[in-house]
Amino acid sequence: MSCIHYKFFSKLNYDTVTFNGLHISLCDLKRQIMGREKLKAANCDLQISNAQTQEEYTDDNALIPKNSSVIVRRIPVAGVKAASKPYVMTPKLHKAPGTAFRRSRTEPASGTSRAE
């Protein structure tokens, strides 16, 4: 049995993927890592680079030799929109007792001066 040692960029310890042969294709390695880590291919892709040389493997048909160590990074799938919506900050309105709502002192109302 041959193996590849992998770790996610943010983790400290390596895990191992085993396979038969002298090398494994990048596509097969990604599939095995995603299966072991319970990741879904629809949500993310994996960026894999050699741990010693920092060479990034980009071709899915690239062959990675047995007993190599690789660093894995999760990246979003191309074309996926961000899930969160941007927030719009609006000036806060303050109500003084017995008066109508006023803008805060740091945000003067339009058309008025800061000095009162």
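## Overall fold

Helices (H or I, at least four residues) and strands (E, at least two) are runs assigned by DSSP and numbered from the N terminus. On this basis, the protein follows the pattern β-β-β-α-β-β-β-β-β-β along its sequence, which comes to one helix and nine strands.

The structure is a predicted model, in which local features need pLDDT of at least 70, side-chain atom pairs count only at pLDDT 80 or more, and totals for chains, interfaces and linings use all residues. Residues are numbered from 1 along each chain as its sequence is written, and side-chain values use heavy atoms, with hydrogens and water left out.

## Surface and contacts

The protein has 116 residues, of which 27% count as buried (under 20% relative accessible area; exposed means over 50%, and partly exposed lies in between, with a 1.4 Å probe and protein chains only). Its accessible surface comes to about 9100 Å², and 53% of this belongs to carbon and sulfur atoms (Shrake-Rupley method with a 1.4 Å probe).

Among contacts (heavy atoms within 4.5 Å) with a separation of 6 or more, 49% are between residues 24 or more positions apart.

## Serine 69

Serine 69 belongs to strand 7, residues 69-76. Because its relative accessible area is 15%, serine 69 is buried. Beyond its neighbours within four places in sequence, serine 69 is in contact with His5, Tyr14, Ser49, Asn50, Ala51 and Gln52.

## Glutamine 32

Glutamine 32 lies in helix 1, residues 26-37. Its relative accessible area is 30%, so glutamine 32 is partly exposed.

Apart from neighbours within four places in sequence, glutamine 32 is in contact with Val17, Thr18, Phe19 and Ile24. Glutamine 32 and phenylalanine 19 are 13 residues apart in sequence, and their C-alpha atoms are 9.5 Å apart in space.
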